[in-house]
Amino acid sequence: MRRVALLPRPSARVGLLRGFATASKPLHMVFGASSIPHPDKALKGGEDAFFSDDSVGAFGVADGVGGSATKKVDPGLFSRELLRRCHSALGQPSDAKISHALQAASAEKLTLGGSSTLLLGQLEPSTHVLRLLNLGDSGAMLLRPSVRRFPSGSFLWPRAVLRSIEQTHAFNTPYQVGARDFAHAAMQMDELCTVVQEGDVLVAATDGVLDNLFDQTIQVTVAKCLDRLRATEPRAVQAAVDELAGEIAREANAVGLKQDDKDVRTPFEAAAASEGFQFLGGKLDDVAVVCGVVCSGERPPSRVLSNFETTAAA
């Protein structure tokens, strides 16, 4: 796996864990998730997949590559099978490791055709390390509430302490894993890791979110939810994370629906312009997002969230 450094020095070697003592205060992550399929793919549930599992602190998003679609290949079925295998391979909470799960999941040959981006992550409870494995143009960021001064006053602002960088062969051509090379996916994946703090907020999403919402837009949405995310009652925290994931998904979908609107600015438009292409308005796509907040103390009831059972309508 290739290792990528923390912001703001993407070219430096990681070396993140050296010097960090094993944390003593137990921390866990409470997850929420949301997905909105492209209108043309709604009947089959779209081509994005997601999961989160509170009991092992793990999550993932995957985007089935539409270019692989044929009469015999459904990218959505492929992306969901990838994540289903990774989740199933996590094992017991005491020894679950996302890197081991990826190796186990890819040991058996995939019979489905297709290809997909793949992002996996986990909060390791014994070290408080958040570890991300990423292949393609899905992405994740870890945001840390910190006091920041604005013209109107001082407020808690979720500053980025970790942000993945997309992998592309060319513009709008992401790295992807296929049925034939799943066993070698780990060799291409970027690995990022950092030590979390209580109150940190995770946002992991497919490109349906990241192509339509600038990072600062996502930060503003998180900022509006910080009071609720810092609630003392565990179920209230769980409800707040659900609300945050749903709000980000709806915002991304709303921008995507504004196709060809010259007044709409998006990250995809900016990326296209930097490559010499012209693109106007939102980029309508499947949307999948997993959010999490780092907590201590009492846990809410553990949940597994996923769209694994989504199938095409009869």
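This is a predicted model: local features need pLDDT of at least 70, side-chain atom pairs count only at pLDDT 80 or more; totals for chains, interfaces and linings use all residues.
Residues are numbered from 1 along each chain as its sequence is written, and side-chain values use heavy atoms, with hydrogens and water left out. Local features need pLDDT of at least 70 and side-chain atom pairs count only at pLDDT 80 or more, whereas totals for chains, interfaces and linings use all residues.

The count of disulfides (pairs of cysteine sulfur atoms within 2.5 Å) is 0. Cys-225 takes part in none; its nearest cysteine sulfur, that of Cys-291, lies 8.6 Å away. Cys-225 is buried because its relative accessibility is 4% (buried means under 20% relative accessible area, exposed over 50%, partly exposed in between; 1.4 Å probe, protein chains only). Cys-295, at 11%, is also buried.

The structure holds 1 cavity of 30 Å³ or more. A cavity here is a set of points, on a 1 Å grid over the protein atoms alone, where a 1.4 Å probe fits but cannot get out; lining residues have an atom within 4 Å of a point. Grid points are joined across faces, edges and corners, and the volume is the space filled by probe spheres set on them. The volume of the largest cavity is about 30 Å³. Its lining consists of His-28, Met-29, Val-30, Asp-54, Arg-299, Pro-300 and Ser-302. By class, 3 of these residues are nonpolar, 2 polar and 2 charged.

Lys-262 sits in the loop between helix H6 (234–256) and helix H7 (267–274); helices are DSSP runs (H or I, at least four residues), numbered from the N terminus. Lys-262 is exposed, at 56% relative accessibility. Lys-262 and Gly-281 are 19 residues apart in sequence, yet their C-alpha atoms are 5.6 Å apart in space.

Methods. On a 1 Å grid over the protein atoms alone, a cavity is a set of points where a 1.4 Å probe fits but cannot get out, and a pocket is an open set with protein on both sides within 12 Å along at least five of seven lines; lining residues have an atom within 4 Å of a point. Ala, Val, Leu, Ile, Met, Phe, Trp, Tyr, Cys and Pro count as nonpolar, Asp, Glu, Lys and Arg as charged, and the others, Gly among them, as polar. Helices (H or I, at least four residues) and strands (E, at least two) are DSSP runs, numbered from the N terminus.
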